[in-house]
Amino acid sequence: MRRGVGLAAFERHKADIQSYATLSDSLSRQSLDTLQSQLSQFRAKLKEFAALHREEIRKNPEFRASFQQMCTNIGVDPLAGPQKGGWWAELLGMGDWQYELGVQIVDICVGKREQNGGMIEMDELIRLLSQLRGIPTADSDSSGSTGKAPQDVGAITEDDVLRSIKTLKPLGAGYEVVNIGSRRMVRSVVKELDMDQATILDIAASIGGKVWPDLVAGAANWPVERAVAALDNMLLRDGLCWMDDQDEDAPVVYWVMSVLQFE
Amino acid sequence: MERRRFETHVTSTGFKLPSIHEFPALFCFQPFSSARSNQEDIWTRLILSYARHRRLFTLCADDAEKPSSDWHEVLSNERIKRKLTGQQVTTLLQTLVSRNQAAYEPPKQLSSVILYWRKPEEWAEVLHSWAVATGQLNTIMTFYEIQNPAIESDLTDIPSGLLRRAITILTKTQRAQFIEGGDGDGVRFFSGN
C-alpha cells in the first residue's frame with residue numbers, strides 16, 4: 001500500500017483501521033459463536049448421557065464420583081434436572097466446594113431440626129460438618145498427639161460456613177447467623193427469635209442447657225410469669241426446648257436443645 | 001461454661017446406648033409435635049436394636065415397671081434416675097405396631113407385642129434356609145423341635161405366633177405345609193424349586 005500524504009491519506013488510514021477492527025470483531029464473534037454452540041452441544045450430550053445412565057449414576061458410587069468430578073470441572077450439575085437450575089455455579093456463584101459445603105450445612109440443619117427447633121450453635125455445626133467430611137476434630141484426636149494444627153486436612157472454619165450460608169440466600173431457605181450473647185448460632189427456620197428467647201438462650205448456654213422459670217426470672221430480673229410465657233413459647237410454639245417433669249430442681253425444667261451436644 | 005455433653009454408655013450386656021439415652025428429657029414425652037415424633041423414632045429404634053442385640057421377642061407395657069425385666073437397662077436409666085412409665089411404653093407399642101415393626105400378641109389387647117426386628121418375610125427365609133441346611137425337608141417337624149433345636153439356631157425360642165406367620169408365608173410359595181397333629185402344631189418343608 002502506497003503511503004499517502006495529506007488529510008485524505010489520514011482519513012483513508014482511519015477507515016482502514018476501522019475495517020480491520022470490524023473484520024477482527026466479526027472473526028472473534030464467529031469463533032465465539034462456534035465455541036458457544038460447541039459448548040452447548042457438549043452440554044446437551046452430557047445431559048443426554050446423564051439421563052441415559054441416571055440409574056447407574058445413582059447406584060454406583062465410583063461411577064457417580066468420576067462422573068461428578070467430570071461435570072464439576074466444566075460447571076454442570078446434570079443431576080439437577082432439565083431446567084436451567086442445574087447450573088449451580090452460574091446461578092449462585094458457588095464453586096463446587098462451597099456448594100458441597102452448603103449442601104452439607106443444609107443436610108445437618110434439616111436433620112437436627114426436629115430435635116433443636118432449627119437453631120444450632122456454630123461450634124456444633126462445624127463439629128458435625130467435620131464429622132461428615134471425615135476430618136478429625138479436636139475432641140476425636142485429643143487422645144493422640146496434641147497441638148496439631150487443624151488446618152492440615154482441609155478443616156472447616158467459621159468463615160467457610162458463613163460464606164456458604166451467604167451463598168444459600170438465593171434459595172430463600174432462610175438460613176441465617178444470629179448472635180446470642182457471646183455465641184454464634186445458625187438458624188435454619190424462618191422465625192423471629194424475640195428478645196426474651198435470646199436472653200433465655202444466653203442464660204441456658206452459660207449454665208449447661210437446663211433452665212426453669214424461677215431460675216430465668218432471677219437471672220434476667222423478670223417476673224416469673226414472663227419467664228414461664230417465654231419458656232412455653234420456646235417449648236410449644238418453636239420446638240427449641242424439650243421438657244422434663246422428673247427433675248429435682250423444679251416441677252418442669254426446660255432443656256434448650258441448641259446448646260447441648262450429643263456424642 | 002463448656003457445652004453440656006452427653007456420652008454413650010455400654011451396658012452390662014454389652015449394648016451401646018446412644019448418648020441421648022443419658023438425656024433426662026428423653027424420658028418425658030414431648031408436647032411439641034416434631035420433637036415428639038423425633039423422640040418416638042429414637043425410642044422405637046432403640047427398642048428394636050436392643051431386642052436384636054439380646055434376641056428379645058416380646059415387649060410388654062409392664063416391662064417398664066419391673067426391675068427384673070430383660071428391658072430394664074433400656075426402659076430406665078438409673079444413672080440419671082429416669083424411667084418410662086407403663087403408659088408411655090403402651091404408647092410406644094402402638095407406634096411400633098402402626099409402623100409394622102411389631103404386632104400385638106396375643107391379638108386384641110394393647111399391652112404386649114411381638115417385635116419384628118426381623119420382618120416375618122425375613123424369618124420365613126431364615127426358617128427355610130435352616131430347614132434345608134439341617135436336612136429337614138419333607139419330614140414332619142413340631143414347633144417344639146424348631147424352637148428347641150439340639151444345636152442352637154437363629155430360631156431358638158422364636159414365639160409360636162411369629163413362627164406360624166413365617167410358615168404361612170412359606171406356604172404361599174409351596175415351600176411349607178401345616179400339619180395338624182394331636183399334640184401341638186407341626187410343619188413339613190419342601191425344597192420349593
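Okay, chain B: it has six helices and eleven strands. This is a predicted model, so keep that in mind throughout. Of the 193 residues in chain B, 27% count as buried. And if you take the contacts in chain B between residues at least 6 apart in sequence, 50% of them join residues at least 24 apart.

Chain A, for comparison, has ten helices and seven strands. It runs to 263 residues, and 26% of those count as buried.

Now, back to chain B and its sheet. Three strands make up an open sheet in chain B, in the order S9-S11-S10, and the pairing is antiparallel. So which strands stand at the edges? Those are S9, residues 140-142, and S10, residues 176-179, both of chain B; each has a single partner strand, so one side of each is left without a neighbour in the sheet. From one strand to the next, the twist averages 30 degrees.

If you want to find the pairing on screen, S9(B) and S11(B), which covers residues 186-189, are joined by three bridges and run antiparallel. Look for Met141(B), which sits opposite Val187(B) in S11(B). Then there's a helix on this sheet: H6 of chain B, residues 160-171, packs there and touches S10 and S11 of chain B. The direction of H6(B) makes about 125 degrees with that of S10(B).

Elsewhere in chain B, have a look at strand S8, residues 112-115. Strand S4(B), residues 58-60, pairs with S8(B) in the antiparallel sense over three bridges, and Leu59(B) has Val113(B) as its bridge partner. Strand S7(B), residues 102-104, is also joined to S8(B) by three bridges, again antiparallel; there, Ala102(B) is partnered by Leu115(B).

Next, the core. The largest nonpolar core has 82 residues, and the members touching the most other members are Leu125(A), Leu231(A), Cys241(A), Tyr254(A), Trp255(A), Val256(A) and Ala166(B). Which element gives the most to this core? That's H6(B), with six residues.

Let's zoom in on Cys241(A). Leaving aside neighbours within four places in sequence, its contacts include Leu231(A), Met234(A), Leu235(A) and Tyr254(A). Trp255(A), Val256(A) and Met257(A) are in contact with Cys241(A) as well.

Leu125(A) takes us to helix H6 of chain A, residues 122-132, where Glu124(A), Leu125(A), Ile126(A), Arg127(A), Leu128(A) and Leu129(A) are buried. Note that a glutamate and an arginine are in that buried set. After H6(A) comes Gly134(A), with a positive phi near 70 degrees.

Last topic: where the chains meet. How many residues of each chain are in contact with the other? It's 21 from chain A and 21 from chain B. On the chain A side, helices H5 (96-116), H8 (195-207) and H10 (224-237), plus strands S5 (241-244) and S7 (260-262), each supply at least two residues. By class, that side of chain A has nine nonpolar, seven polar and five charged residues.

To spot it, go to Gln261(A), whose bridge partner in S1(B) is Arg5(B).

Terms used
Residues numbered from 1 in each chain as written. Chains lettered and ligands numbered in written order. Predicted model: local features only at pLDDT ≥ 70, side-chain atom pairs only at ≥ 80, totals over all residues. Pairing = 2+ DSSP bridges. Helix = DSSP H or I, 4+ residues; strand = E, 2+ residues; numbered from the N terminus. Axes fitted to C-alpha atoms, helices over the stretch in contact; angles between N-to-C directions. Contact = placed C-beta atoms within 7 Å. Core = buried A, V, L, I, M, F, W, Y, C linked by C-beta atoms within 7 Å. Buried ≥ 20, exposed ≤ 12 C-beta atoms within 10 Å, placed from the backbone. Nonpolar A, V, L, I, M, F, W, Y, C, P; charged D, E, K, R; others polar.
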